[in-house]
Amino acid sequence: MRSTRVPLLVALVVLSLCAVPLSAAGSGGSPSVATAAGIDTAPSSVTAVDDRTGSAGATAPIDRAAATSIQERDDDPSTEDTIGYVEGYWYDDELPVDDREGATVEDDELDAVVYRAMARVEVIRERTFEEEVSVEIQSRSEYQAEQDGLFVDLGPTERLQENVNYEALFMVDSETNAVDEAKTLYGGAVEGYYEPRTDRIVIVSNTPDEPELNEVILGHELVHALQDQHFDLTSYDRETIDGSNAENGLIEGDAVAVERAYDQRCGTEWECVLPAGGTREVPEEVNWGLYFTIYLPYADGPDYIDHLRDRGGWDAVDDAYDEPPASTAEVIHPGEEREPADIDVADQSSEDWTQLEIDGEPATETVGEAGMASMFADGALDRNRPSVVSMEEFIGSSLGDREEIHYDQPYTDGWAGDELVTYVDSADETDDPVAAAAAAGYVWRTEWQSDEDAQQFVDGYLQLLDINGADAVDDRRDTYEIEDDFSGAYYLEKDGATVTIVHAPSVDALDEVEQGAAPEGDDRLETDGDDGTAEASAESDTIPGFGVSVAVVSLVLGALTVRHGRRR
């Protein structure tokens, strides 16, 4: 049984799709947020941005066919029926703001910029807008006030589950609040969002009195408005991290593909309203594991869109909205059959333990291939921490190429399915989500395409335990204990292509969470090619001539410019 709420990161930073619930009001329904405070919106996207324009990744070839199709202009154009024309403005019209130093746009100039941008999106995407899209400017302080309100009344049960989920991924330790980590991840980087409930785009400005408008970012958000008008973005389910990332592989991949083409034409074919480039500040703390968990649609989504377009042009992309990818594995490996395995973790706990329930159903999570790859790459950008997957393996050696983020990792590329279920001790009555998570347990069952793929995952996971200071427990098979940040006991069981991980506050409690866990014995799962001792990549991630922070700014930090996607 799936929980009826949507994961924290899906609600907070997962892509520009929708406002997804911190606690939803029905299983399988539309992803509306319903919190006690009445806050029904949630931020949802990040996109890698070029320092000049805010565009993601490398540029795509200009679609000459689309441009040619509108060269012979209709004598009687209309917004609804004419590609490249919106409310009196053509896609290649010149505006007074184009010659202005800087990118400030007055209130009485904004409509013209928006209409022309809509026409330009139409040219690239080969679809017309059905109606106008409202665009407004919001100050940073106003945005942050709304942002803070999203977390006020998130219940202790939901907070508990989120802490357990990200502890299981070794991203949020047993003394840290997952909600706080997510809020820090957002910081002050949000630049805009689209809100389907009101059909509006909000541009977040640090200088609301003289707001600067980034036309390429506006174009990205307009793609979401176009998607919503044609495909109803509110209709997509957002039940798990993996499911949300998968659907966003389509939706964000579509928007990023258009954004790249838009960016390429600016300064060559089109005059565009763009702010001057500037130096980005490196945030003091970024939880890169959380960040990588939600970045997949921006890294691999455009390639997924390319795959669809190679098969049938934009029509194939349009058709995919009727049947979006079911897992991040489909986005990472476009063209492969990757239907997720149906996994159901039966409750085999003692009478003192029970599966955590939210809205009357077991609180479950599916992490997916992208989430697991992020788990193994979590420390890749931290010079003070080793990681299972190094920076070179995860990001590549070319710091100038923002596409060089590799979720296709040998430890996880055989993923077939997973389900993580939170368990709680009936004697624990604390409402503190951090303390409750430290006292909780979980069973995480993973399915792989082959025995060899399962072994690869075991190899990586044993390294992850080693990185986090795990010690083998004497006289218990495949059982480990950690005293520090991710404290507690861990039991691994490999049965063919199935790997099960059981976690509890103590070794004795493992069998209480999952009957039969941590049996007596001295056997140890071994990694391929060694004697069972896992060695993590502890070499420095410092690039010659660059500090790690510079490398981050050059390659990844640009992606911290966040767009809210849909808000409902």
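A salt bridge is a side-chain nitrogen of Lys or Arg within 4 Å of a carboxyl oxygen of Asp or Glu. Asp98, Arg116, Arg120 and Glu215 are joined by such contacts into a network, and the count for the structure comes to 15 salt bridges. This is a predicted model, in which local features need pLDDT of at least 70 and side-chain atom pairs count only at pLDDT 80 or more, while totals for chains, interfaces and linings use all residues. Residues are numbered from 1 along each chain as its sequence is written, and side-chain values use heavy atoms, with hydrogens and water left out.

**Salt bridges**

- Helices (H or I, at least four residues) and strands (E, at least two) are DSSP runs, numbered from the N terminus.
- Asp98 has a relative accessibility of 11% and therefore counts as buried; the term buried means under 20% relative accessible area, exposed means over 50%, and partly exposed lies in between (1.4 Å probe, protein chains only). Arg116 is also buried, because its relative accessible area is 0%.
- Asp451 forms a salt bridge with Lys494, and the closest N and O atoms are 2.7 Å apart. The two residues link distant parts of the chain, since Asp451 belongs to helix α15 (residues 451-467) and Lys494 to strand β14 (residues 488-495), 43 residues apart.
- Asp451 is partly exposed at a relative accessible area of 37%, and Lys494 is partly exposed at 21%.
- A salt bridge of 3.2 Å, N to O, joins the side chains of Arg338 and Glu336. Arg338 is buried, with a relative accessible area of 7%, whereas Glu336 is partly exposed, with 42%.

**Surface charge**

- A patch of negative charge on the surface gathers Asp74, Asp75, Asp76, Glu80, Asp81, Glu87, Asp111, Glu130, Glu131 and Glu132. Patches of charge are made of residues with over 30% relative accessible area and no salt bridge, like charges being joined within 9 Å.
- Asp and Glu count as negative and Lys and Arg as positive, while His and the chain ends are not counted.
- Glu130, one of the patch residues, is found in the loop between α3 (107-125) and β3 (134-139). Its relative accessibility is 43%, so Glu130 counts as partly exposed.

**Aromatic residues**

- A search of the whole structure finds 20 aromatic pairs. Rings of Phe, Tyr and Trp (its six-membered ring) pair if their centres lie within 6.5 Å; planes under 30 degrees apart count as stacked, over 60 as edge-to-face and the rest as tilted.
- Tyr291 and Tyr295 form a stacked pair, at 5.4 Å centre to centre with 20 degrees between the planes. Both residues lie in helix α9 (residues 288-299), 4 residues apart, about one turn of the helix.
- Tyr291 is buried because its relative accessibility is 0%, and Tyr295 is buried at 2%.
- One aromatic cluster is formed by Phe170, Phe376, Tyr411, Trp444, Trp448, Phe457, Tyr461, Phe486 and Tyr490.
- Phe170 lies in the loop between α5 (156-168) and α6 (178-186), and Phe170 is buried, with a relative accessible area of 3%. The C-alpha atoms of Phe170 and Asp485 are separated by 9.0 Å, although these residues are 315 residues apart along the chain.

Terms used. Patches are made of residues with over 30% relative accessible area and no salt bridge: like charges are joined within 9 Å, nonpolar side chains (Val, Leu, Ile, Met, Phe, Trp, Tyr) within 5 Å. Accessible areas come from the Shrake-Rupley method with a 1.4 Å probe; for residues, only the protein chains shown count as cover. The place of a charge is taken as NZ of Lys, CZ of Arg, CG of Asp or CD of Glu.
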